[in-house]
Amino acid sequence: MRTVHRATIAAPLEVAVALARDVSAWPDLLSDYRWCRIHEQTPNRLVFSMGAWIRGWPARWTAVQELHLSPRCIVFRHIGGLTRGMLVEWRFVPNGGGVDVEIVHELVLPWPWIGRLVSDRIVGPWFIDHIARRTLKAVQARAEAAGRRTSGGAAG
């Protein structure tokens, strides 16, 4: 299972990266996320657990998040929960007035005979695609609003 989501965010690179990186604030960003607990934290690495409601189903996972400065990306490795083994990459490319963001999810469930089928036909399209699309839109909306505030505001 591989999903790719893209958006061009009309905000500074630093704002978009900060919002995507701050998983502890995601429950305030998007109501699908119920909670986030930080287990370990260093400047470029975070271990956390998160709970969400995805299409009405409860979900929980533990992940390691790492910030890479060159190229600018945030990598999440799921180490617990149904999505254990999933790799998620948020990639950021400045584009003049904003930033192009791409989120790539890759997962094959390690279940004999049916793992790929379940990840490709159920988990990916039904759950991962849904929450990733909504998360990227929420990050985009918040980043663009913050960008307008820091650049002197927009007419309203």
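The questions and answers below walk through a predicted model of one protein chain. Local features need pLDDT of at least 70 and side-chain atom pairs count only at pLDDT 80 or more, while totals for chains, interfaces and linings use all residues. Residues are numbered from 1 along each chain as its sequence is written, and side-chain values use heavy atoms, with hydrogens and water left out.

Student: What percentage of the residues is buried?
Tutor: Buried means under 20% relative accessible area, exposed over 50%, and partly exposed in between (1.4 Å probe, protein chains only). The count runs over the 156 residues of the chain. The buried share is 45%.

Student: How far apart are the centres of the positive and negative side chains?
Tutor: Lys and Arg count as positive and Asp and Glu as negative; His and the chain ends are not counted. Each charge is placed at NZ of Lys, CZ of Arg, CG of Asp or CD of Glu. There are 20 positive and 13 negative side chains. Their centres lie 5 Å apart.

Student: Within what arc do the buried residues of α1 fall?
Tutor: Helix α1 covers residues 13-21, and its buried residues are Leu13, Ala16, Val17 and Ala20. They line one face of the helix, because their arc is limited when seen down the axis. The arc is that of the directions from the helix axis to the C-beta atoms. Its value is 95°.

Student: Which residue forms a cis peptide bond with Ser70?
Tutor: Most peptide bonds are trans. Here omega is about -5°.

Student: What is the phi of Arg55?
Tutor: Most residues other than glycine have a negative phi. Arg55, in the loop between β3 (45-54) and β4, has a positive one. Arg55 is partly exposed, at 36% relative accessible area. Its phi is near 55°.

Student: Is Trp113 buried or exposed?
Tutor: Trp113 lies in the loop between β7 (99-106) and α3. Its phi is positive, about 65°, although it is not a glycine. With a relative accessibility of 88%, Trp113 is exposed.

Student: Which residues does Pro58 touch, not counting those up to four places away in sequence?
Tutor: Contact means heavy atoms within 4.5 Å. Pro58 is in strand β4 and is exposed, with a relative accessible area of 53%. Pro58 and Arg34 are 24 residues apart in sequence and 9.3 Å apart in space, C-alpha to C-alpha. The residues touched are Arg34, Ala52 and Trp53.

Student: How far apart in space are Arg149 and Pro27?
Tutor: Arg149 lies in helix α3 (residues 115-150) and is exposed at 59% relative accessibility. Arg149 and Pro27 are 122 residues apart in sequence. In space, C-alpha to C-alpha, the distance is 22 Å.

Methods: Helices (H or I, at least four residues) and strands (E, at least two) are DSSP runs, numbered from the N terminus.
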